[in-house]
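Hi,

Here is the model I said I would pass along.

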Amino acid sequence: MINKKKSWIIKIGIILIIIGIYLFLPSVNKKVNEMVFYLSSMNLEMLKEYILSFGIWAPVTSFILMILQAVLAPIPAFIITLSNAAIFGWIKGAILSWSSAMAGATLCYYIAKFLGRDVVEKLTSKFALKDIDTFFNKYGKHTILIARLLPFVPFDIVSYAAGLTSMSFWSFFIATGIGQLPATIVYSYVGSMLTGGAKIMMTALLILFALSIAIYVGKKIWNEKNNKVNNETN
C-alpha cells in the first residue's frame, strides 16, 4: 500500500514538473507550440522550410519533431519522413526518420510503463487503446511486428499499449525496429523521387488517409461518450 502510494506521488510529481516546464518557461512554451503548429498544418512545404530554417541543427529539429508527434499520437509521422527525404536525400532521410521514430516509440513505451493507463488514455483515448488491446489478445507476442506492418494501425498508440503489457522493452524495440523499417524506406524513397504535382498528390493521399483514420477514431470516441452518458442517464 505504501509503495503504491509512493509510486503515485512520483508519477504526479513528474507530470507536474513537465506541465510546469511547459507553462512557466516561455521559450519552451513558444518552441513547443511552434512545432505543434507546423506538424498539425500537414503542409509538407511549410514543414520543410521550418526544418531548414535551423541550418546545421535541421537534423536535430527533425528528430525532436518526430518525438513530439509520437507523444501527440493523432499527428501522423509520414509528413516528417517525407520532409526528411526531400531535405537530406532518401538514404540519410530514412536513417534519420527511422532512428527518431524508434526514439519516439521508446518514449511512448516508458511513459505508459511508468505513468500507467490513466495517463495514456488522456494522451490517446480509451477506444483506441481497446482496439489495440484486441490486437494484443489476438496476436500475442507478434502484435508489435504485425501492427507496425499494417499502415492503418496508429504507430504511437501501439507503443503506448505495449508499455501497458508485460512485454519486455527489448522485445518491443526489436519488433518495432523491424516492422517500422519497410514503411520508412518506402516513404523516404517515394518522397525523394516525386516532384511537382505527383509529390503533391502523394502527400494529399497520405493526408487524406490519415484524416480518415482520425475521423473514424473521433467518431468512435464520440459514440463511446454518448453511450456512456445514455447509460448513466438510464
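Below is what I found when I went through it.

Bear in mind that this is a predicted model, not an experimental one. For orientation, the unreviewed UniProt entry lists residues 7-25, 50-75, 87-112, 144-162, 169-190 and 196-218 under "transmembrane region". I checked two of those spans in the model. Residues 169-190 come out as 100% helix and 0% strand, with the end C-alpha atoms 31 Å apart. For residues 87-112 the figures are 96% helix and 0% strand, and there the end C-alpha atoms are 33 Å apart.

Next, helix 4, which covers residues 58-71. From first C-alpha to last, its 14 residues reach 20 Å, close to the 20 Å expected at 1.5 Å a residue. Its buried residues are Ala58, Thr61, Ser62, Leu65, Met66, Leu68, Gln69, Ala70 and Val71. What do they pack against? The partners are helix 2 (26-40), helix 3 (44-52), helix 5, helix 6 (90-115), helix 7 (117-123) and helix 10 (155-163).

Leu65 is the residue in helix 4 I'd click on. It counts as buried because its relative accessibility is 0%, and the cut-off for buried is under 20%. Beyond its neighbours within four places in sequence, Leu65 is in contact with Met35, Leu39, Leu47, Tyr50, Ile51 and Ile80. Val32 sits 33 residues away from Leu65 in sequence, yet the two C-alpha atoms are 9.3 Å apart in space.

Leu65 also turns up in the largest nonpolar core, which has 42 residues. The residues with the most contacts inside that core are Leu65, Ile80, Phe136, Ile144, Tyr160 and Phe172. Helix 6 supplies the largest share of this core, 7 residues. Another one to look at is Ile144: leaving out neighbours within four places in sequence, Ile144 is in contact with Phe136, Val158, Ala162, Met167, Phe172, Ala175 and Thr176.

Buried or exposed? Ser83 counts as buried, because its relative accessibility is 0%. Not counting residues up to four places away in sequence, Ser83 touches Leu44, Leu47, Lys48 and Ile51. Leu47 and Ile51 are also among the contacts of Leu65, if you want to view both sites together.

Cheers

Key: Residues are numbered from 1 along each chain as its sequence is written. This is a predicted model: local features need pLDDT of at least 70, side-chain atom pairs count only at pLDDT 80 or more; totals for chains, interfaces and linings use all residues. Side-chain values use heavy atoms; hydrogens and water are left out. UniProt positions are given in the numbering used here, feature names are shortened, and annotations may be inferred rather than shown by experiment. Helices (H or I, at least four residues) and strands (E, at least two) are DSSP runs, numbered from the N terminus. Buried means under 20% relative accessible area, exposed over 50%, partly exposed in between (1.4 Å probe, protein chains only). Contact means heavy atoms within 4.5 Å. The expected span of a helix is 1.5 Å times one less than its number of residues. A nonpolar core is a set of buried Ala, Val, Leu, Ile, Met, Phe, Trp, Tyr and Cys residues joined through side-chain atoms within 4.5 Å.
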